[in-house]
Amino acid sequence: MSTNLDLIEKVCSGSLESQDDAALRVALRDETFLSELMQQIQLDELCERHFNPNRSANVFCTQLFEKVDFNFNDSSNFVAEVLAKIEASKVPSLVQPTKDHPRLLGDTHSPTGSERVQHAFLRRQMSRRSMAGMAAAALAAFGLTQWALSPRVCARLNADVAGCRIQRQGDWLNPEPFMPLFAQDVIEASQKIIIMDIDGVTQIELAESSQLVVQKPGQNGLGSHYHLNQGRLRAQIAPQPREAPMVYTTRHARVVVLGTIIQLESQKNSTKVLVERGKIRWDNLMTQESTILTVGQSQEIQSLVVASNSPASLPSLQWKLWANGLPQRGDACSMPATPKAKAIKALCEFELDSKVYLNLLHNSPYPIHLSLTSGNQLIKSEWTDQQQVVLSRGKWTLTLEANCPAGLGFNPQFQWTDIP
Amino acid sequence: MTPSPDRDFYAEFVREHHSELRMFIRCLGATATGADDLAQEAFVIAWQKWSELRQPEDALKWLKGISYKLVVNERRKNARHKRILHDDLTEVLLKRASEKMEEEHNPTESLWDQHQTAFEHCLQQLPLHSKELLRWRYENQLSSQELAERRQVSPTALRQMLCRLRSKLKACIQQGSLS
């Protein structure tokens, strides 16, 4: 009987070992043992419920009704995340306000919200594997199987969508409150709007006259990527896992954040950042230099600016592909992508015997500086994404300059037509 | 066919039956953490397939049937991924539960579940050192090795001590229910 009691407690505490196999197999033939085991398991459950009510109040039941992603790698962050999600009503189903925590919610079984989630974390630490299965099952339960197959929601608009429009797959849409945003959506704000990241905590205030592209959703709802085409934003960013930080890019810089408040401004020729709280990594895409910025620190990147009439600081490159020194229809001056950022200068000289329209096209996510000189006179010098110029008869010098970021090539094209 | 429940209803359903379902799953030989996960999965499946439930009053029995199948499936899994304690143990317990499910309307041996109040009362009757031992075991989650060191006894003796303590509680509860 003593042996059996030992076995029963091992079953109850989950501490059976391989050396118990033989004894267990013998005991299992004994109906008295089985009956005692059943009762002991139930008593064990009652004790568990009494001493540790959190255990049976499985916080993850709350996931039945809405998909909620958590970062399980960091216990302190995890608790904050759960509480934030509870506050954001993302975990609404089984939670009720408690007397001690009127804002931070606890469920009906447990004394306080924080203890409950701490416990849930500890339990999940012990059984990490099953979380994935459960989360997947929870997804299915919400009827979100189709959701999983369709593009993933990266972020949402807030309630106030006035002065905002969304470009999706080439079409401009009139947004609705809380409209979901997907990868490659372009958000254009003519007045300040707020975007909520899918992590449920991160808020991005997009200033007036700004354009933001949602680039990709993060893994498990964290680590989303955004590209600020133009304008300003202020982002309050939830703690992100080190292996999947949230990333904001502009044409000049990349901001890698693990959880902070930043202000980011992107203009054609510059990008500025200010860190209000926390710490970021600031990658200068022009020079490939990285800097860690902390509270109160700011940084600015200026694009290459070519002063008129001043000699270019870069070594020029005669573009061989421009046959006879004259850009022809469809001509390109291309450079393949290289791992390092590079400054590029392409120059050609040509003579026109008639008036033409010259269109410069390029689809690169960085600006190109175009300058046109006729004789010794600088006719045009500006940064451009697309340019149509009228060129009259005579000798011309055309120079293209760009700071080509790492991993991107340089491939502007010309189209030109005669003007009758 | 039962119409799909609304979320509030289902939340209440989960709240009401979660503990009992967890206990049922543990009685099929699931680990303590595995029972949480399996209960969760059973609720999720029930939510998805609610329209297949013929009699709403049989919902708990149906839920237990789902859990039963989940535990059966656990046995087929790779050992590392199993959420059960021991194959042979689960095999016997599944067979036992299957027979009970056929015999009874309520397939769990849930005598104790109905006596929560008596349990609380009986717990208070225990001597201080016994309550302390239970607190260390359940609240502080100490292993039998750690408990044995504190009590300066062998782990085996400690495990027997815990079983006897629970048996005392059982006797007290039964006495209370008889009276």
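Q: At roughly what angle do the axes of helix α3 (residues 31-51) of chain A and helix α5 (residues 116-125) of chain B cross?
A: In this predicted model, local features need pLDDT of at least 70 and side-chain atom pairs count only at pLDDT 80 or more, while totals for chains, interfaces and linings use all residues. Residues are numbered from 1 along each chain as its sequence is written, chains are lettered from A and ligands numbered from 1 in the order in which they are written, and side-chain values use heavy atoms, without hydrogens and water. Helices are DSSP runs of H or I with at least four residues, numbered from the N terminus, and axes are lines fitted to C-alpha atoms, for helices over the stretch in contact, with angles from 0 to 180 degrees between N-to-C directions. The two axes come within 11 Å and cross at roughly 75°.

Q: Which cysteine is joined to B:C122 by a disulfide?
A: A disulfide is a pair of cysteine sulfur atoms within 2.5 Å, and the count over all chains is 1. B:C122 lies in helix α5 of chain B and its partner in helix α8 (residues 155-178) of chain B, so the pair ties together parts 50 residues apart in sequence. The S to S distance is 2.0 Å, and the partner is B:C172.

Q: Is A:C12 buried or exposed?
A: The sulfur of A:C12 is 6.1 Å from the closest cysteine sulfur, in B:C163, too far for a bond. Buried means under 20% relative accessible area, exposed over 50% and partly exposed in between (1.4 Å probe, protein chains only). At 4% relative accessibility, A:C12 counts as buried.

Technical notes
Helix = DSSP H or I, 4+ residues; strand = E, 2+ residues; numbered from the N terminus.
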